[in-house]
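The structure comes first, then the reading.

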Amino acid sequence: MRSLIVDDDDIGRLMLATFLEDFGPCDQAENGQQALDLIDGATAEGSPYNLICLDIVMPVMDGTTALRGIRERDQKQGGRTKVFMISACSSPEDIQDAFFEGDCDDYVVKPFQREAVTQMLQRHKLI
């Protein structure tokens with residue numbers, strides 16, 4: 001499983017990367033624009049991401065905007081990348097927006113628990 005973590009928080013990004021690297025290569029980006037650039041590069045190399053974990057609040061390009069860009073790319077390529085929103089935003093409105101407006105596959109509130117992420121990976125048949 002190739003994954004991408006997109007978060008402006010260095011420590012949170014590193015913690016999640018350390019966990020996901022047990023399942024395969026894991027790249028990191030600090031904002032949504034960097035993420036879209038990495039996604040385009042991975043696709044051009046013929047090695048697209050199986051999972052993208054997105055924070056919502058980030059500089060340059062937020063996670064919701066990046067998710068729309070990911071879904072546009074999915075539509076052009078005829079596939080669907082699994083996207084988990086991993087954010088400190090925990091209001092019902094934030095979660096509802098991520099699922100219904102952003103079309104994410106799952107959502108976990110920071111600080112994340114390894115068990116919760118493992119269950120999401122299993123539920124979506126990524127591991």
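## Strand pairing

How many bridges join strand β3 to strand β4? There are 4, linking residues 51-54 of β3 with residues 82-87 of β4. These two strands run parallel. Cys 53 has Phe 84 in β4 as its bridge partner. Note that the model is predicted.

## The sheet

β3 and β4 belong to an open sheet of 5 strands. The order is β2-β1-β3-β4-β5, and the pairing is parallel. At the edges are β2 (26-29) and β5 (106-109), each of which pairs on one side only. On average, neighbouring strands are turned by 20° against each other, direction ignored.

## Helices on the sheet

Helix α3 lies across β3 and β4. Its direction is at about 180° to β4.

Helix α5 (residues 114-123) also packs on the sheet. α5 touches β3, β4 and β5, and makes about 175° with the direction of β5.

## Helix against helix

α3 (residues 63-77) packs with helix α2 (residues 32-44) as well. The angle is about 20°, and the axes are 9 Å apart. Angles under 35 degrees count as roughly parallel, so α2 and α3 are roughly parallel to each other. Their crossing is right-handed.

From α2, the contact uses Gly 32, Leu 36, Ile 39, Asp 40 and Thr 43. From α3 come Ala 66, Gly 69, Ile 70, Arg 73 and Gln 77. By type, the contact residues are 4 nonpolar, 4 polar and 2 charged.

Key: Residues numbered from 1 in each chain as written. Predicted model: local features only at pLDDT ≥ 70, side-chain atom pairs only at ≥ 80, totals over all residues. Heavy atoms only, no water. Axes fitted to C-alpha atoms, helices over the stretch in contact; angles between N-to-C directions. Parallel < 35°, antiparallel > 145°, perpendicular 65-115°, else oblique. Left-handed = near helix turned anticlockwise from the far one by under 90°. Contact = heavy atoms within 4.5 Å. Nonpolar A, V, L, I, M, F, W, Y, C, P; charged D, E, K, R; others polar. Pairing = 2+ DSSP bridges.
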